[in-house]
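The sequence and the model are shown first.

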Amino acid sequence: MTLLSHYHAALPDLSVPWQAAAVKAPVLLAVNRGLAEAIGFDLADRDDAALARLFSGQDLPGGANPVALAYSGHQFGHFSPVLGDGRALLLGECQAADGTLYDVQLKGSGRTPFSRNGDGKAALGPVLREFLVAEAMHALGVPTTRALAAVATGERVQRETSLPGAILTRVAASHIRIGTFEYLASRRDTKNLNALIDYTLARHYPDVAKDAAGDDKALALLTAYAARLAELIAHWMSLGFVHGVMNTDNMALSGETIDYGPCAFMDHFNPAAVFSSIDQRSRYAFGNQPVIAQWNLARLAECLLTAGLAPDDDADEAAVAPFAAVIAGFMAQFEAAFAQRMAAKLGLLQPDDAVIRDLWAAMVGQNADFTGFFRALSDEVRGNEGAAAAYFTDGQVYASWAVGWRAALAAEGRDAGAVAAAMDAVNPLYIPRNHKVEEA
């Protein structure tokens with residue numbers, strides 16, 4: 001197996017060649033062999049000790065050319081012109097049998113030129129959290145980066161206390177972020193910005209790339225990404241998932257979920273649920289995620305507009321209008337995608353806006369377990385009356401809402417068993433409960 005340096009070769013100004021730090025005593029904790037096989041990463045003839053050295057960056061696979069990626073980002077609404085991979089290295093890309101490229105990245109592999117005051121390392125807990133949650137998201141059908149391996153380093157890292165160190169190997173469709181575009185746009189580097197547009201279209205939106213030309217490429221990319229982002233956020237919301245840190249450097253142009261820090265699946269429904277201790281103003285609360293996605297999309301639009309400008313020019317009103325239209329239309333795209341997912345969760349073939357809207361309102365303040373409630377609804381369809389109402393503090397609130405839901409089901413006239421089975425297929429029985437992840 002030989003890795004490629006596809007991204008670095010195409011856009012050399014967006015990464016810095018670097019090497020992983022030496023590790024004292026790497027020990028393999030977990031390896032995702034199914035994922036390795038799927039992406040063409042050959043692990044044959046390597047024992048655990050060899051895999052520990054491989055996935056800690058001590059030994060490199062053929063063709064590996066480790067680089068730290070450059071990018072900017074809006075963090076909690078404030079722009080940081082230089083962020084970059086402060087503790088990660090892109091080893092290169094695997095090419096699967098169908099020709100698809102997959103980034104293979106070490107996370108927690110030591111200091112890089114972007115580390116600032118950090119040590120570039122990772123503690124065991126966050127590595128295991130990302131491994132568990134990323135793989136759960138994949139199993140739930142959510143576009144996501146994935147975990148290939150976890151290695152204990154045999155060293156301690158100092159945070160508030162001394163913690164065991166570890167390294168995660170992450171696989172992604174790519175690590176191109178909104179922040180990557182911001183890095184170039186903030187420098188008015190239109191040459192590389194246009195090259196990045198071309199590269200992103202070719203890698204993630206090849207069908208769009210065939211039809212886009214000249215100045216239309218930037219708008220085509222924004223339009224394509226907006227549709228993918230709307231679907232992603234709708235999927236998150238339908239599962240009660242809270243990303244926690246939707247900074248622009250955590251928004252991947254592939255449309256995958258990336259960076260599992262202070263994230264969680266809600267237990268009790270609460271639109272104001274926040275899982276980042278530093279999110280003092282609840283910017284990234286569960287219920288704010290669609291609005292923040294739209295805000296982030298606007299930052300990308302600003303970058304893409306820059307690609308067509310001379311160094312000292314500003315975009316005129318005519319140039320801005322089609323980009324603004326994409327931003328303005330995002331919420332309708334999200335709402336349509338969300339309504340379709342919620343309809344499926346409720347056993348409906350067609351969305352009933354009133355039933356969905358009223359349920360969202362009814363659940364507020366009821367301490368309802370988000371995942372358990374939707375599983376109980378299929379029990380109700382099977383005739384187990386009271387199963388879903390038990391999840392509400394006030395069963396009458398549920399009963400009032402259920403009148404409209406039952407009427408919508410009856411209007412479609414489908415077999416109850418088939419409806420319940422379809423609901424079970426989209427409503428998880430198991431999620432990575434936050435307290436269980438913390439225990440692990």
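Cys94 counts as buried, at 1% relative accessibility, where buried means under 20% relative accessible area, exposed over 50% and partly exposed in between, with a 1.4 Å probe and protein chains only. Cys303, at 5% relative accessibility, likewise counts as buried. A search of the whole structure finds zero disulfides, a disulfide being a pair of cysteine sulfur atoms within 2.5 Å.

The model is predicted, so that local features need pLDDT of at least 70 and side-chain atom pairs count only at pLDDT 80 or more, whereas totals for chains, interfaces and linings use all residues. Residues are numbered from 1 along each chain as its sequence is written, and side-chain values use heavy atoms, with hydrogens and water left out.

**Aromatic contacts**

Rings of Phe, Tyr and Trp (its six-membered ring) pair if their centres lie within 6.5 Å; planes under 30 degrees apart count as stacked, over 60 as edge-to-face and the rest as tilted. The count comes to 21 aromatic pairs. The rings of Tyr7 and Tyr199 have centres 5.6 Å apart and planes at 70°, so this pair is edge-to-face. Because Tyr7 lies in helix α1 (residues 6-10) and Tyr199 in helix α6 (residues 190-204), the pair ties together parts that are 192 residues apart in sequence. Helices (H or I, at least four residues) and strands (E, at least two) are DSSP runs, numbered from the N terminus. Both Tyr7 and Tyr199 are buried.

Trp360 and Phe370 also form an edge-to-face pair, because their ring centres are 6.1 Å apart and their planes lie at 85°. Trp360 belongs to helix α11 (residues 353-363) and Phe370 to helix α12 (residues 370-381), so the pair ties together parts ten residues apart in sequence. Trp360 is buried, with a relative accessible area of 18%, and Phe370 is buried at 1%. Ring pairs link Trp360 and Phe370 into a cluster whose members also include Phe269, Phe286 and Trp405.

Trp295 has charges over its face: Arg283 lies 4.6 Å from the ring centre and Arg299 lies 4.4 Å from the ring centre. A charge sits over a ring if NZ of Lys or CZ of Arg is within 6 Å of the ring centre and within 35 degrees of the ring normal.

**Pocket and cavity**

On a 1 Å grid over the protein atoms alone, a cavity is a set of points where a 1.4 Å probe fits but cannot get out, and a pocket is an open set with protein on both sides within 12 Å along at least five of seven lines; lining residues have an atom within 4 Å of a point. Grid points are joined across faces, edges and corners, and a volume is the space filled by probe spheres set on the points. There is one cavity of 30 Å³ or more.

| Space | Volume | Lining | Residues nearest the centre |
|---|---|---|---|
| Largest pocket | about 1500 Å³ | 49 residues | Arg87, Lys107, Pro126, Gly261, Pro262 |
| Largest cavity | about 80 Å³ | 15 residues | Val23, Gly108, Lys121, Thr153, Glu155 |

In the largest pocket, α4 supplies the largest share of the lining, six residues. The lining of the largest pocket divides into 20 nonpolar, 15 polar and 14 charged residues, where Ala, Val, Leu, Ile, Met, Phe, Trp, Tyr, Cys and Pro count as nonpolar, Asp, Glu, Lys and Arg as charged, and the others, Gly among them, as polar. For the largest cavity, β9 gives the largest share, four residues.
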